[in-house]
Amino acid sequence: MRRTGVARRAFVLGAAGLVAAMTSAGDAVASPVGRRGGGGRPGAAPGQVRGMWVATVANIDWPSEPGLTAARQEAELFAYLDRAVELRLNAVVFQVRPTADALWPSPHEPWAACLTGTQGKDPGWDPLGTAVRAAHDRSLELHAWFNPYRVANHTDPTRLIASHPARQHPGWVVPYGGKLYYNPGLPEVRRFVQDAMLDAVRRYDIDAVHWDDYFYPYPVAGQTFDDDAEFERYGGGFADRAAWRRDNIDRLVRETAERIRQIKPHVRFGISPFAVWRNAATDPLGSDTRAGVETYDDLYADTRKWVKEGWIDYICPQVYWLAQPLDQQVPANYRVLVPWWADVVRGTGVDLYIGEALYKVGDPAQPQGWQDPRELSRHLDICATYPEVRGNIYFSATQVASDRLGAMAIIAERYK
């Protein structure tokens, strides 16, 4: 997920407990919801998810800075959870694998640098185990958010801890756009990243596995993602490289879904993609948008197919645009994308949640429409006309807590 200044999508369109008191994973309190359920908080409509993302990559939301004491980190985490309850939310999407590292004692990958400032350094507590327990104690769902392929927000492997899998297997890694990525074209990479993520499913009572919008990386002008050798080795039988890349991501999604169901059938699997699958000008099945990025063609992520095949339990497209008049020529429009996605999920059994750009509300760099504290309330009005929409998730926790312009307070009144 990308945003201006850090890692969330700005998207250019058209071009307090001490360590001894910390609970272990096995002590996490069981969540009351089932696989198709949603809205773990009592009083929520069945299946209605009211969530917020808590981003840890680059310390976007939590911890506020690396190197804080365990007690301070825990207190900050609990404050976010308490704020979610105060605003009548019922789910937290907690980023636990930000850059091929972990917020739990993983046997596969090092401790995340966002905790201590040093990748691989034990923070002295178990953030994921504590988050699961604390969320469930508050009747909140805990969706564990993983990024499958991002390794680092730089291109220097020597900055990774020496034991990092990306250094142990340098052939797995591709530098691109100022970052390092695992190569989705390698079967051994696909198996490894699944193993790394599914370790958390086995060990913790999470309610869902959640992915964001990063598959193959967003295109960078003038740069090429170098997978020539892998395409030469594995791409036979595909019409072109794009079809092979989409198959690589399809396999990751399908295989992960199958393995989650084998390990814990009640754990749900959800994905939050960039909201434009394809523009209608590219494909008549696409949305009436003119977006500069299309997930099918640019990220090799056939998000529509994953829904139609029933590989996932929910999809949460990031519909990070204003609800504009339908006759206004804009690259993308909330009023267009919500009904398009409602049509995609209809009859599939896959739940639809809408990702909301709370971070844009009150940001002076954003268009005038985002200066209206009732913009997101209008979004909920639109969602309410489509029974397929089963909830909304807000990016991100920092803005939920600060509540610029009182937009979330207005939303909370609707959630009574």
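Let me start with a term: a residue is buried under 20% relative accessible area, exposed over 50%, and partly exposed in between, with a 1.4 Å probe and protein chains only. By that rule Ala58 is exposed, because its relative accessible area is 51%.

Before we go on, a word on what we are looking at. This is a predicted model, where local features need pLDDT of at least 70 and side-chain atom pairs count only at pLDDT 80 or more, while totals for chains, interfaces and linings use all residues. Residues are numbered from 1 along each chain as its sequence is written, and side-chain values use heavy atoms, with hydrogens and water left out.

Helices (H or I, at least four residues) and strands (E, at least two) are DSSP runs numbered from the N terminus. Ala58 sits in the loop between strand E1 (49-54) and helix H1 (70-86). Its C-alpha atom is 6.4 Å from that of Cys114, and the two residues are 56 apart along the chain.

Now, the barrel. Two strands count as paired if DSSP finds at least two bridges between them. Eight strands form a closed barrel in the order E1-E2-E3-E7-E8-E9-E10-E11, with parallel pairing. As a reminder, strands of a sheet pair through backbone hydrogen bonds, either parallel or antiparallel.

Let's stop at E3 for a moment. On one side, E3 (residues 141-146) pairs in the parallel sense with E2 (residues 91-97) over six bridges. Val92 stands opposite Leu142 of E3, and Phe94 has Ala144 as its bridge partner there. E3 also pairs with E7, again in the parallel sense, over four bridges. In that pairing, Ala144 has Val209 of E7 as its bridge partner.

So which residues of E3 point one way, and which the other? Glu141, His143 and Trp145 point one way, Leu142, Ala144 and Phe146 the other, and all are buried.

On to the helices. Contact here means heavy atoms within 4.5 Å. Axes are lines fitted to C-alpha atoms, for helices over the stretch in contact, and angles run from 0 to 180 degrees between N-to-C directions. Helix H7 (residues 241-263) lies across strands E7 (208-211) and E8 (268-271), and runs at about 160° to E8.

Further along, helix H11 (residues 375-384) packs with helix H13 (residues 407-414) at an angle of about 30°, their axes 8 Å apart. H11 brings Leu376, Ser377, Leu380 and Asp381 to the contact, and H13 brings Ile410, Ile411 and Arg414. Sorted by class, that makes four nonpolar, one polar and two charged residues. For the classes, Ala, Val, Leu, Ile, Met, Phe, Trp, Tyr, Cys and Pro are nonpolar, Asp, Glu, Lys and Arg are charged, and the others, Gly among them, are polar.

Last, some backbone geometry to look at on screen. Most residues other than glycine have a negative phi, and most peptide bonds are trans. Arg88, in the loop between H1 and E2, has a positive phi near 65°. Arg88 counts as partly exposed, because its relative accessibility is 22%. Leu405, in the loop between H12 and H13, also has a positive phi, near 65°. Leu405 is partly exposed, at 44% relative accessible area.
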